[in-house]
Amino acid sequence: MTRNLPDAVIARAEDLFDVTVREKTQPMTPSEMRSGLAIYDGMMPSLGDRFTADIFNEFGRPRCKILANFGVGYNHIDVDAARAHSVTVTNTPGAVTDATADIAMTLILMSARRAAEGERLVRSGAWEGWHPTQMLGLHVTGKTVGIVGMGRIGQAIARRCHFGFGMEVLYFNRSQKDVDFPAKQVADLADLAARCDILVTATPGGAETRHLVGADVFAAMKPTAHVVNISRGDVVDEAALIAALQAGQIGGAGLDVYEFEPQVPEALRALENVVLLPHLGTAAEEVRTDMGMMVLDNLSAFFEGREPPNKL
């Protein structure tokens, strides 16, 4: 297990397997990944543990036969390279959906209503009291939200926006989606950006979506519109986002992920019109426990000779 997990997960893991828990919280180094592939039967990698083709290519058939990823996103693992070396890869979909959607709503409200900026003002001691034109933000209720990526998480965000805030839902997705609430698909991303007040990225990471949201998208957005990213950091072109925020091209942004995480550019940290969270998407004990149990379900099935329920 490449990171420590909630006690209930560790206890169950120790009932099932001979377990080594890596004590570090930082991503694995290349040497740690190579050693792990050589000495363990299975591993539980997570965000930042970059199992690239180069890591696998040092082995014909490594001893490790399964990477049971802790998280729904797996763009840090070269799944094709893993398969080529007879290594199964699984993930934890479903367990993260609602918690991640909740963080998206947190960022929407914090960015639109300037909550982080206001909290900093109060903490600074410079707040001089209420007045009618103080820190006017964007009223969220009844606005139009654009969802980039209408999978489980995108749909959960859209439901919250529609049913909770009476928002019109537009979305950009490779395929048509049948959903249980009003939503309109928009074929062009720039067109979607131009029509919405809040743009939320909820698409998987990877080469196909890198910098999907860039300068052309920001140029199309209203100057009052906000962008929220809860997907993967490199889905948004961070340099283009900084330029758009600095120029007042868009109203603001809310980020839970970053292109070169955990590095956050000083230029981004210096801006008042952006909310910056430390990747809190699934940071609730119940959720992390559910994710860990799902990892163990995948590992148990694999070593019992069954198909893992979340095999990629």
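Guide: Helices (H or I, at least four residues) and strands (E, at least two) are DSSP runs, numbered from the N terminus. The model is predicted, and local features need pLDDT of at least 70, side-chain atom pairs count only at pLDDT 80 or more, while totals for chains, interfaces and linings use all residues. Residues are numbered from 1 along each chain as its sequence is written, and side-chain values use heavy atoms, with hydrogens and water left out.

A patch of negative charge on the surface is made up of Asp7, Glu285, Glu286 and Asp290. Its members have over 30% relative accessible area and no salt bridge, like charges being joined within 9 Å and nonpolar side chains (Val, Leu, Ile, Met, Phe, Trp, Tyr) within 5 Å. Asp and Glu count as negative, Lys and Arg as positive, and His and the chain ends are not counted; a charge is placed at NZ of Lys, CZ of Arg, CG of Asp or CD of Glu. Helix H12, spanning residues 285-303, gives the most to this negative patch, namely 3 residues. Asp290 has its place in helix H12 and is partly exposed, its relative accessible area being 44%. (Buried means under 20%, exposed over 50%, and partly exposed in between, with a 1.4 Å probe and protein chains only.)

The charges that pair are considered next. Across the whole structure, a search finds 19 salt bridges, each a side-chain nitrogen of Lys or Arg within 4 Å of a carboxyl oxygen of Asp or Glu.

One of them joins Asp80 to Arg83, with the closest N and O atoms 3.2 Å apart. Both residues belong to helix H4 (residues 79-84), and because they are 3 residues apart there, about one helical turn separates them. Asp80 is exposed at 57% relative accessibility, whereas Arg83 is partly exposed at 47%.

Another salt bridge joins Arg160 and Asp102, whose closest N and O atoms are 2.9 Å apart. Arg160 is in helix H7 (residues 152-165) and Asp102 in helix H5 (residues 97-112), so this pair ties together parts 58 residues apart in sequence.

Glu259 is buried, at 14% relative accessibility, while Arg210 is partly exposed, with a relative accessible area of 45%.

Salt bridges also link Arg22, Lys24 and Glu32 in a network.

For contrast, the surface also carries a nonpolar patch, formed by Val122, Trp127 and Trp130, which together have about 410 Å² of accessible area, computed by the Shrake-Rupley method with a 1.4 Å probe; for residues, only the protein chains shown count as cover.
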